[in-house]
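Here are my notebook entries from a walk through one model, written for anyone who likes to check geometry by eye.

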Amino acid sequence: MGNKMNFFKPLSRFYFSGGENIKKFITEELSRYSPNEKDSMIYATDNMILIGKIAGFLGDDKFAELANDFFSDDPLHSSIIWRIHILSWAIESCKNLEGDFIEFGCYDAKVAEFLINYNNIKNFKKSFYLYDAFENPPTTKGEKHSANLFSEVSDRLKKYDFVKIIPGLLPDTFKNNIPKKISFVHLDLNSADTELSLIKLFFERLVSGGIIILDDYGTMFYEEQYYKEKDFFSNLGYSVLELPTGGGMVIKR
């Protein structure tokens, strides 16, 4: 492999409620090793400790260069880089399908802009819809949620004419403007009822081969999403793939 610029090192970050003794133990044990380095045996972040995984996307030239540009000084997004890799893979898999892309819960849109650049979305002849409350989400409020966030995101993405940014509370902001065909959806709303309402609205318009990524599907303390979404898809004859990152994936037949 090449020099360090051809590698992205994730920040080790373990974030969960309680378990202070577990966090202390993990931190102390990992200090004896060198996790997340190039060729390291240990990948440790985003509440995962993986042994003996290649994690080749971290050394992909384009992925690493862009990740260093976008996330090197960003502890949150640096730590969830494997989730971002999954999103980039899903978008690449959907690029030749009919239908637009949607992200429900785009937050500061740094991940969306990374995907726009890494996957060359401007070449796909699709719209990329980004939804968020931006100011006061009804569930978890992030550090950047504020009265200024919508304008900051709009300014950041104004150079991409295929990006449509829709502020406000879901599902109401989606009901009256649903794309006729959809090929990729990322759901990260931390609300089982809201996510399920949206899935019911868009699932028939998701094209064959289209992919849904459910960000919190397999994460503890979001069990309501797990059981409700699992039951919904099971009733349609689908099985949700639970991912080690804490998410879930469904591919439309």
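K125 sits in the loop between α5 and β4; helices here are DSSP runs of H or I with at least four residues, strands are E runs of at least two, and both are numbered from the N terminus. I noted that K125 has a positive phi of about 60° although it is not a glycine.

Before going further, I wrote down the ground rules: this is a predicted model, local features need pLDDT of at least 70, side-chain atom pairs count only at pLDDT 80 or more, and totals for chains, interfaces and linings use all residues. Residues are numbered from 1 along each chain as its sequence is written, and side-chain values use heavy atoms, with hydrogens and water left out.

Next I checked N190, a residue other than glycine whose phi is also positive, near 55°. N190 belongs to the loop between β6 (182–187) and α8 (192–202).

Then I asked which residues a cis peptide bond joins. They are L170 and P171, with omega about 5°. I placed P171 in the loop between β5 and α7 (172–175). A reminder to myself: most residues other than glycine have a negative phi, and most peptide bonds are trans.

**Entry: salt bridges**

I counted a salt bridge wherever a side-chain nitrogen of Lys or Arg is within 4 Å of a carboxyl oxygen of Asp or Glu. By this rule the count is 14.

I started with E37 and K9, whose closest N and O atoms are 2.8 Å apart. E37 is in the loop between α1 (20–30) and β1 (42–45) and K9 is in the segment before α1, so this bridge ties together parts 28 residues apart in sequence. E37 counts as partly exposed because its relative accessibility is 34%, and K9 is partly exposed too, at 40%.

D46 and R83 came next, with their closest N and O atoms 2.6 Å apart. This pair links distant parts of the chain, since D46 is in the loop between β1 and β2 and R83 is in helix α4, 37 residues away. Is D46 buried or exposed? D46 is buried, because its relative accessible area is 10%.

I also logged E92 with K95, where the closest N and O atoms are 2.6 Å apart. Both partners are partly exposed, E92 at 35% and K95 at 28%. Finally, I traced one network in which shared partners join D46, R83 and D215 through salt bridges.

**Entry: the nonpolar core**

I then looked for nonpolar cores, meaning sets of buried Ala, Val, Leu, Ile, Met, Phe, Trp, Tyr and Cys residues joined through side-chain atoms within 4.5 Å. The largest has 49 residues, and I81, F114, I121, F128, L130 and V163 have the most contacts inside it. Elements giving two or more residues to this core include β2 (48–51), α4 (81–94), β4 (128–132) and β7 (206–214). Which element gives the most? That is α4, with eight residues.

**Entry: surface patches**

For patches I took residues with over 30% relative accessible area and no salt bridge, joining like charges within 9 Å and nonpolar side chains (Val, Leu, Ile, Met, Phe, Trp, Tyr) within 5 Å. Accessible areas come from the Shrake-Rupley method with a 1.4 Å probe, and for residues only the protein chains shown count as cover. Lys and Arg count as positive and Asp and Glu as negative, while His and the chain ends are not counted. Each charge is placed at NZ of Lys, CZ of Arg, CG of Asp or CD of Glu.

D60, D61, E65 and D69 form a negative patch. I found E65 in helix α2 (residues 61–71), and it is partly exposed at 45% relative accessibility. M41, I49 and I51 make a nonpolar patch of about 310 Å², and I51 is in strand β2.

**Entry: two distances**

L241 lies in strand β8 (residues 241–242) and is partly exposed at 43% relative accessibility. L241 and I251 are ten residues apart in sequence, and their C-alpha atoms are 9.1 Å apart. For L30 in helix α1, which is buried at 13%, I noted a C-alpha separation of 42 Å from R253, 223 residues along the chain.

Conventions:
Buried means under 20% relative accessible area, exposed over 50%, partly exposed in between (1.4 Å probe, protein chains only).
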